[in-house]
Amino acid sequence: MKYIVLLRGINISGKNKISMSELKEVLENNNYENVKTFLNSGNVIIDSKSNKDKIRENIHKLILENFNLDIPVYVISSVDLNDILNHSPKWWGTEDKNIYDNIIFIMHDSNYEEIYSVVGEPKENIDTIEKYNNIIFWSYDLSNYRKSTWWIKTASTNIKDKITIRTANTVKKLLELCEKE
């Protein structure tokens with residue numbers, strides 16, 4: 001089974017530095033196959049016979065042991081990611097350069113209600129959100145991002161380690177890379 005592994009908060013502003021080539025080597029040395037990394041922000045594609053919970057626990061442990069970092073790890077199968085993208089709202093993932101489209105992946109030990117209760121209502125005419133399963137499609141007006149309730153609170157509240165965010169383009173490219181094999 002092909003999985004996408006998303007690491008929370010990797011290589012941002014000089015913090016939580018992990019070389020993607022070193023991470024790839026660690027994963028390959030621990031029985032993950034066809035390991036590919038994408039960008040420098042903690043996006044990894046792997047093949048594994050384990051289930052996603054075991055993969056998450058194992059990769060978390062490997063990062064702790066090899067890089068001395070306690071990083072939240074999110075794992076999703078390529079099949080599930082494909083399903084999510086097939087259920088994206090019509091307003092999400094368009095070519096509109098004035099809108100910034102994201103997916104908020106909610107970590108295994110949290111849920112939409114918890115995230116929403118902390119972040120609150122999207123700001124009208126700036127933020128747009130829609131829940132699907134345990135992810136959130138989120139878009140905001142790029143010219144007004146500093147007024148975005150969600151932009152401010154997803155990075156600065158106690159939920160920041162309960163989510164990891166990827167752009168629409170990144171998520172689409174990850175799925176495309178999965179399908180190439």
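User: Which backbone nitrogen does a side-chain oxygen of asparagine 51 reach at the start of α2?

Analyst: That of aspartate 53, to within 3.0 Å. This is a predicted model, where local features need pLDDT of at least 70, side-chain atom pairs count only at pLDDT 80 or more, and totals for chains, interfaces and linings use all residues. Residues are numbered from 1 along each chain as its sequence is written, and side-chain values use heavy atoms, with hydrogens and water left out.

User: What span should helix α2 have?

Analyst: Helix α2 covers residues 52-67, and its 16 residues should span 22 Å at 1.5 Å a residue. The expected span is 1.5 Å times one less than the number of residues. The end C-alpha atoms are 21 Å apart, which agrees. Helices are DSSP runs of H or I with at least four residues, strands are runs of E with at least two, and both are numbered from the N terminus.

User: Which residues of α2 are buried?

Analyst: Ile55, Arg56, Ile59, Leu62, Ile63 and Phe67. Seen down the axis of α2, the buried residues fall within an arc of 135°, so they line one face of the helix. The arc is taken from the directions from the helix axis to the C-beta atoms. Buried means under 20% relative accessible area, exposed over 50%, and partly exposed in between, using a 1.4 Å probe and protein chains only.

User: And what is exposed on the other side?

Analyst: Lys54 and Glu65.

User: What do the buried residues of α2 pack against?

Analyst: β1 (2-7), α1 (20-28), β3 (43-47) and β4 (73-77), with contact meaning heavy atoms within 4.5 Å.

User: Staying with β3, is aspartate 47 buried or exposed?

Analyst: Aspartate 47, which lies in strand β3, is buried, with a relative accessible area of 16%. The side chain of aspartate 47 has a polar contact of 2.7 Å with that of lysine 2 and one of 2.4 Å with that of asparagine 34. A polar contact is a pair of N or O atoms within 3.5 Å; within protein, one must be able to donate a hydrogen and the other to accept it, and residues adjacent in sequence count only if both atoms are side-chain atoms.

User: Changing topic, how many aromatic pairs?

Analyst: Eight. Rings of Phe, Tyr and Trp (its six-membered ring) pair if their centres lie within 6.5 Å; planes under 30 degrees apart are stacked, over 60 edge-to-face, and the rest tilted. Tyrosine 74 and phenylalanine 105 form a tilted pair, 5.1 Å centre to centre with 50° between the planes.
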